[in-house]
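Trainee: I have a new model open and would like to learn how to read its features. Could we go through it together?
Mentor: Gladly; let us look at it first.

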Amino acid sequence: MGFKTGIVGLPNVGKSTLFNALTRTAAAQAANFPFCTIEPNIGEVSVPDLRLEPLANIAKSAKILPARMIFVDIAGLVKGASKGEGLGNQFLANIRETDAIAHVLRCFDDSDVTHVEGRVDPVEDAATIETELMLADMESIEKRLQNLSRKLRGGDKDSVEQDILLKRALEALEAGKPARTVDVADDELRTWNMLQLLTAKPVLYVCNVEEENAAAGNAYSEAVLKMAVSQGAAAVVISAAIEEEISQLDHSEADMFLNEMGLEQPGLNRLIEAGYELLELQTYFTCGPMETRAWTIPKGVSAPQAAGVIHGDFEKGFIRAETISYNDFIELGGENAARDAGKLRAEGKSYIVQDGDVMHFLHSK
């Protein structure tokens with residue numbers, strides 16, 4: 001299951017440079033971490049996970065298949081995008097299909113790189129895009145409310161719930177707040193998600209800084225981090241220039257370069273980690289002689305739902321899940337030893353999967 005994050009930003013903030021560097025870095029990684037280009041502006045990268053190799057070694061797996069994250073390089077936005085200015089319509093359509101938004105903000109001074117607004121102010125840049133998305137949501141909601149009027153007269157239950165949620169979102173937007181600030185009950189989530197409101201999507205701010213500020217950030221990135229905290233959003237500091245350099249190096253050279261820059265890991269890793277946290281995702285594993293594989297699931301899902309990520313029939317015919325924690329699997333040396341030590345558990349339909357669980361699903365055909 002590939003979670004899709006849209007990379008957005010104003011022109012000349014380093015958005016495409018970052019996207020190209022990240023996807024080239026992924027392509028250059030070892031075979032265990034493959035990269036494939038689905039379309040010119042879509043990159044599917046593997047999620048780095050240090051737990052995969054130890055699991056595969058114990059299980060004597062023939063191959064390793066990491067979890068996946070999809071990045072979409074979305075067309076640059078300008079003021080008026082909500083009205084179709086520039087590539088506005090394409091921008092809005094592409095962003096609607098993503099699970100989250102990674103908003104690249106220019107946090108560097110460079111007289112050779114012209115800013116579309118003639119100044120460097122990442123907080124204002126963020127406000128520009130947020131405003132366009134809010135205007136687009138308001139227009140969309142107003143059209144939907146008009147289209148729902150006939151169904152409401154007929155008492156259609158789904159339409160009534162949509163009407164309530166759309167009006168709640170419109171009230172927030174008219175007050176200058178994005179749709180993600182709206183309180184939505186658990187039993188309303190399914191309908192809420194179907195609305196696909198642009199400002200309901202979680203946001204990760206990516207502060208693009210100069211090379212020398214990649215480790216500690218700068219005054220611009222500090223302002224963005226403060227803004228993110230106030231919004232309940234996430235933020236990460238990355239230098240697109242460094243990522244571009246890393247993408248041209250082999251693994252050992254990249255490690256040496258990162259050490260020289262005072263960085264522990266590439267920006268791709270930090271971006272994925274921040275994305276996982278933002279989307280409240282976690283990983284479980286399946287292990288065997290053929291392959292060791294990581295599967296991405298939202299936190300809080302049940303064992304049948306986790307099985308459904310592999311195949312829908314696994315969820316429908318779910319019987320039980322044989323489960324071992326990652327630490328027990330490693331410390332005891334595999335499934336058989338874990339079973340003998342009483343650490344292999346038979347979990348039923350109500351079990352909530354934990355990060356790092358090693359699982360085998362039994363299901364009816």
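Trainee: Among contacts between residues at least 6 apart in sequence, what percentage join residues at least 24 apart?
Mentor: In the protein chain, 68% of those contacts do. Contact here means heavy atoms within 4.5 Å. One word on the source: this is a predicted model, in which local features need pLDDT of at least 70, side-chain atom pairs count only at pLDDT 80 or more, and totals for chains, interfaces and linings use all residues. Residues are numbered from 1 along each chain as its sequence is written, and side-chain values use heavy atoms, with hydrogens and water left out.

Trainee: How many helices and strands does the protein chain have?
Mentor: The chain has 14 helices and 13 strands. Helices (H or I, at least four residues) and strands (E, at least two) are DSSP runs, numbered from the N terminus.

Trainee: What share of the residues is buried?
Mentor: Of the 365 residues in the protein chain, 48% are buried. Buried means under 20% relative accessible area, exposed means over 50%, and partly exposed is in between, with a 1.4 Å probe and protein chains only.

Trainee: How do I read a pair of packed helices?
Mentor: Two packed helices are described by the angle between their axes and the distance between the axes. Axes are lines fitted to C-alpha atoms, for helices over the stretch in contact, and angles run from 0 to 180 degrees between N-to-C directions. Take α4 (residues 122-153) and α5 (residues 157-174): their angle is about 150° and their axes are 9 Å apart. That makes α4 roughly antiparallel to α5. The cut-offs are under 35 degrees for roughly parallel, over 145 for roughly antiparallel, 65 to 115 for roughly perpendicular, and oblique for the rest.

Trainee: Which residues make the contact between α4 and α5?
Mentor: From α4 the list includes M134, M138, I141, L145 and L148, and from α5 it includes V160, L166, L170 and L173. By class, this contact has eleven nonpolar, two polar and seven charged residues. Ala, Val, Leu, Ile, Met, Phe, Trp, Tyr, Cys and Pro count as nonpolar, Asp, Glu, Lys and Arg as charged, and the others, Gly among them, as polar.

Trainee: What angle does α4 make with α7?
Mentor: α4 and α7 (residues 219-231) pack at about 45°, with their axes 8 Å apart. The two helices are therefore oblique to each other. P122, V123 and A126 of α4 meet Y220, A223, V224 and M227 of α7. This contact divides into seven nonpolar, no polar and no charged residues.

Trainee: Which residues of α5 are buried?
Mentor: They are S159, D163, L165, L166, A169, L170, A172 and L173. What covers them includes α4 and α6 (189-194). Just after α5, G176 takes a positive phi of about 85°.

Trainee: How should I read a positive phi?
Mentor: Most residues other than glycine have a negative phi, and most peptide bonds are trans. N12, with phi near 65°, has a positive value in a residue other than glycine. N12 lies in the loop between β1 (3-8) and α1 (15-28), and its 44% relative accessibility makes N12 partly exposed. Q196 also has a positive phi, near 50°; Q196 lies in the loop between α6 and β7 (203-208) and is partly exposed at 38% relative accessibility.

Trainee: Is N208 buried or exposed?
Mentor: N208, in strand β7, counts as buried at 5% relative accessibility. Leaving aside residues up to four places away in sequence, N208 touches V13, G14, V104, L105, R106, C107, F108, I238, S239 and A240. N208 and P122 are 86 residues apart in sequence, with 9.6 Å between their C-alpha atoms.

Trainee: Where is G43 found?
Mentor: G43 is in strand β3 (residues 42-46) and, at 0% relative accessibility, counts as buried. G43 and V72 are 29 residues apart along the chain, and their C-alpha atoms are separated by 6.5 Å.

Trainee: What do the buried residues of α11 pack against?
Mentor: In α11 (residues 303-310), A303, P304, A306, A307 and V309 are buried. They pack against β9 (281-287), β10 (291-298), α12 (312-316), β11 (318-324) and β13 (358-363).
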